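Please open the structure in your viewer and keep the selection tool at hand.

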Amino acid sequence: QGQNQAAAPKVLKVGAETTFPPFEFQDEKTKEYTGFDVDLMKAIGKQLGYEVQIASMGFDALIPALEAGQIDVIASAMTITDERAKKVNFSKPYYKSGLTIVVKADNNTIKSFKDLEGKRIAVQIGTTGAEEAKKIKDAKVREFNSASEAYMELKAGGVDAVVNDKPVNDYYLAQGGAKDAKTVGDILQAEEYGIATAKKNTELANKINQALDELKKNGEYDKIYQKWFGQ
Ligand code: ARG
């Protein structure tokens, strides 16, 4: 066809729920998606010769979108679970995480997960935090579309606690949340994040694992880690 038609780079459509700093969020100034997962996916894309495009959607919409072929990959701080692994392929773990509790700074009654019995808890819909909160005896769990809405509800006094991923809770507190909130207790359970691909697309799953290995070997993974989590 057209003689000026440059070979367009292949596009990798990456689904994410993009209000989850420091993993995936919109830069306030540039409006670009940024974060640890976004940088990691861009580096993987570069390795594999893909241009990465972020498709933003609700966390609970990600797996259905992958199954329907609307996206190629999920990179959304998604915890590898047996339940999810029935529907998607997960890459090797790329980040160690876990759940923690955030309460108001002046709360002196909630000190651990045990103390959440009978309490009002805010979580993000479809997350492991939501799942774990629902197991707590007599807890009144309210599910929000984003973690930031859950923190807002805590601030407003509508709930007693937020249960969410530790690195995201820590980032929220470090970015100003610590003025009126704090984190208490230990990590509830160790979790690991994986990059998800469709069950039938094993070729892409293999390529992503190879790219992850390469990025760990060549120091690129460490660079991205330091950028978002180094002091
Ligand atoms: N790690 C938790 C999970 O897999 C929460 C992830 C939420 N991610 C997001 N981008 N909102 O359930």
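This is a predicted model: local features need pLDDT of at least 70, side-chain atom pairs count only at pLDDT 80 or more; totals for chains, interfaces and linings use all residues.

A polar contact is a pair of N or O atoms within 3.5 Å.

Then select Asp165, whose side chain has an N or O atom 2.6 Å from a nitrogen atom of the ligand. The ligand on its own has 340 Å² of accessible area, and the protein covers 100% of this.

Now display the surroundings of the ligand. The ligand sits in the largest cavity. Around the ligand there are 14 residues, of which Glu17, Thr79, Arg84, Thr128 and Asp165 come nearest. Colour this shell by residue type to find five nonpolar, five polar and four charged residues.

Next, colour domain 1 (11–94 + 194–229) and domain 2 (98–190) separately. Both domains give residues to the shell, so the ligand lies between them.

Two stops concern the backbone. Most residues other than glycine have a negative phi, and most peptide bonds are trans. Select Pro21 and Pro22, which are joined by a cis peptide bond with omega of about 5°. Pro22 belongs to the loop between β2 (19–20) and β3 (24–26). Finally, select Ala77 in the loop between β6 (73–74) and α3 (82–85). Although Ala77 is not a glycine, its phi is positive, at about 50°.

Methods. Residues are numbered from 1 along each chain as its sequence is written. Side-chain values use heavy atoms; hydrogens and water are left out. A residue is near a molecule or strand if one of its heavy atoms lies within 4 Å of it. A polar contact is a pair of N or O atoms within 3.5 Å; within protein, one must be able to donate a hydrogen and the other to accept it, and residues adjacent in sequence count only if both atoms are side-chain atoms. Accessible areas come from the Shrake-Rupley method with a 1.4 Å probe; for residues, only the protein chains shown count as cover. On a 1 Å grid over the protein atoms alone, a cavity is a set of points where a 1.4 Å probe fits but cannot get out, and a pocket is an open set with protein on both sides within 12 Å along at least five of seven lines; lining residues have an atom within 4 Å of a point. A molecule sits in a cavity or pocket if more than half of its atoms lie within 2 Å of its grid points. Ala, Val, Leu, Ile, Met, Phe, Trp, Tyr, Cys and Pro count as nonpolar, Asp, Glu, Lys and Arg as charged, and the others, Gly among them, as polar. Domain bounds come from an automatic or database domain assignment. Helices (H or I, at least four residues) and strands (E, at least two) are DSSP runs, numbered from the N terminus.
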